[in-house]
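Thanks for coming. I will go through a few local features of one model, and I would ask you to keep the structure open while I talk.

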Amino acid sequence: MGKYFGTDGFRGEANVKLTVEHAFKVGRYLGWYYGRDHKAKIVIGKDTRRSSYMFEYALAAGITASGADAYLLHVTTTPSVSYVVRTEGFDCGIMISASHNPFYDNGIKVINGLGHKLEAEIEGKIERYIDGEAEERPLATGADIGRTIDFSAGRNRYIGYLISLPTRSFKNMRVGLDCSNGSASSIAKSVFDALGAKTYVINNDPDGTNINTNCGSTHIEVLQQFVREKHLDVGFAYDGDADRCIAVDENGDVVDGDRILYVCGKYMMEQNALRDNTIVTTVMSNLGLYKACDRIGMKYEKTAVGDKYVHENMTQNGFQLGGEQSGHIIFSKHATTGDGILTSLKIMEVILEKKTSLATLASEVKIYPQLLQNLKVRDMDATLNHPEVKKAVAEVEEKLGSEGRILVRKSGTEPLLRVMVEALTDELCEEHVLHVINAMKGTL
């Protein structure tokens with residue numbers, strides 16, 4: 001993790017931690033870096049936050065001041081930027097979003113020409129430029145100054161791409177969508193309508209300050225109630241930039257990223273479309289997922305938390321499916337990043353092809369109760385390596401045995417230690433988490 005760029009870009013409160021000056025300098029460096037030997041083309045997308053417009057203009061100013069052209073997708077999803085970059089010949093792409101964070105936060109995610117997250121080496125160079133530790137880059141002059149170009153057509157091509165993927169009509173399917181008052185508002189309904197679904201949409205009216213507010217994948221209870229009230233067949237909730245999807249079955253019960261991986265992975269395995277019968281998970285995936293996979297002979301890899309690490313593993317090994325419990329799901333045949341809308345289309349494929357409800361498909365995974373608690377500390381490594389903390393963790397591991405697990409890890413974005421326990425009951429989870437948290441507090 002760098003000074004500014006974490007596991008998911010440069011993120012923080014708008015004009016506090018992430019300012020317009022930062023955005024301008026990011027644009028300046030990227031415009032110069034990719035335009036050293038040709039007229040660079042950089043595409044920009046944004047979510048619905050009030051500050052996204054401010055950062056869009058700051059980035060575009062920096063890019064054009066360095067002599068590159070800035071193409072504006074306007075309000076769109078993170079995966080659409082990735083798609084447009086790799087299919088339209090752009091040098092790189094930028095998504096302005098803080099994903100599932102509150103509206104007052106924002107972020108800058110840079111995507112390389114292959115549609116992947118930007119290399120850490122280049123992020124480090126941008127950081128040094130921001131801090132004045134690298135020489136100033138020349139300003140373009142005269143006809144070399146870049147242009148800002150409307151590119152809403154790129155978003156429309158992405159919508160067309162999504163519509164082209166399903167092989168069956170969604171006719172007679174009653175589908176609920178929670179667009180989180182975010183990026184999905186500009187795309188999701190039109191895709192499902194075009195595929196013939198009877199589409200019911202909530203939280204589809206962004207005003208700049210209501211993104212992720214009591215809605216979307218982080219407040220799934222809203223969609224649960226909506227699915228029950230409307231007697232829908234299935235529901236899908238997205239986060240602010242629509243790279244996550246959490247599903248709700250016909251009974252209004254949650255089908256999270258782990259169950260989505262199982263449902264889609266099992267189907268792909270049956271179709272001989274899952275390389276080495278393997279899915280890629282993170283260490284935060286539920287123990288219930290692994291036990292269900294073991295029963296059907298589906299193998300799994302475990303990575304550090306973050307879809308970036310999931311994708312790296314998939315790329316290195318040629319795996320077709322991976323993701324996170326939070327709903328970042330990557331289908332490598334179709335995308336290079338988590339894509340919430342694509343994920344919902346793939347779930348629909350399984351439901352329709354198997355002629356089975358989502359509740360039945362997901363019932364094979366028994367999710368273990370899980371509790372995650374964070375503790376803010378000054379020195380994460382010192383706390384983790386303290387003998388009393390190690391002793392407490394070992395005690396919990398011994399008590400849980402094969403009927404649970406404990407995971408203690410550092411946050412990738414904040415000075416927090418995260419303690420997660422899975423056990424047979426909520427009471428056991430709470431008991432064991434508190435045991436370790438109290439040991440940590442005793443060292444501070």
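Contact, throughout this talk, means heavy atoms within 4.5 Å. With that in hand, take Thr281: setting aside neighbours within four places in sequence, Thr281 is in contact with Leu261, Leu289, Tyr290, Tyr300, Glu301, Lys302, Thr303, Val310 and Gly323.

Some housekeeping. This is a predicted model, where local features need pLDDT of at least 70 and side-chain atom pairs count only at pLDDT 80 or more, while totals for chains, interfaces and linings use all residues. Residues are numbered from 1 along each chain as its sequence is written, and side-chain values use heavy atoms, with hydrogens and water left out.

Back to Thr281, which sits in strand β13. Helices (H or I, at least four residues) and strands (E, at least two) are DSSP runs, numbered from the N terminus. Is Thr281 buried or exposed? Its relative accessible area is 0%, so Thr281 is buried. The cut-offs are under 20% relative accessible area for buried and over 50% for exposed, with partly exposed in between, using a 1.4 Å probe and protein chains only. The side chain of Thr281 also makes a polar contact of 2.7 Å with the side chain of Tyr290. A polar contact is a pair of N or O atoms within 3.5 Å; within protein, one must be able to donate a hydrogen and the other to accept it, and residues adjacent in sequence count only if both atoms are side-chain atoms.

Tyr290 takes us to helix α9, residues 287–296, where Leu287, Gly288, Leu289, Tyr290, Ala292 and Cys293 are buried. These buried residues pack against α8, β13, β14, β18 and β19. Just after α9 comes Gly297, with a positive phi of about 80°.

Next, helix α10, residues 307–317. Its buried residues are Asp307, Lys308, Val310, His311, Asn313 and Met314, and what covers them includes β13, β14, β15 and β16. Gly318 follows α10 and has a positive phi, near 75°.

Now the helix pair. The axes of α8 (257–270) and α11 (340–354) come within 10 Å and cross at roughly 55°. Axes here are lines fitted to C-alpha atoms, for helices over the stretch in contact, and angles run from 0 to 180 degrees between N-to-C directions. α8 and α11 are therefore oblique to each other; under 35 degrees would be roughly parallel, over 145 roughly antiparallel, 65 to 115 roughly perpendicular, and the rest is oblique. Which residues of α8 make the contact? They are Ile260, Val263, Cys264, Tyr267 and Glu270, and on α11 the partners include Ile347 and Val350.

Last, a buried loop residue. Asp241 lies in the loop between β10 and β11, and at 0% relative accessibility it counts as buried. The Asp241 side chain makes polar contacts with the side chains of Thr78, at 2.6 Å, and Ser99, at 3.4 Å.

Ser99 itself is in the loop between β5 and β6 and has a positive phi near 55°. Most residues other than glycine have a negative phi. Ser99 is buried, at 1% relative accessibility. Asn203, in the loop between β9 and α7, also has a positive phi, of about 50°, but Asn203 is partly exposed, at 22%.
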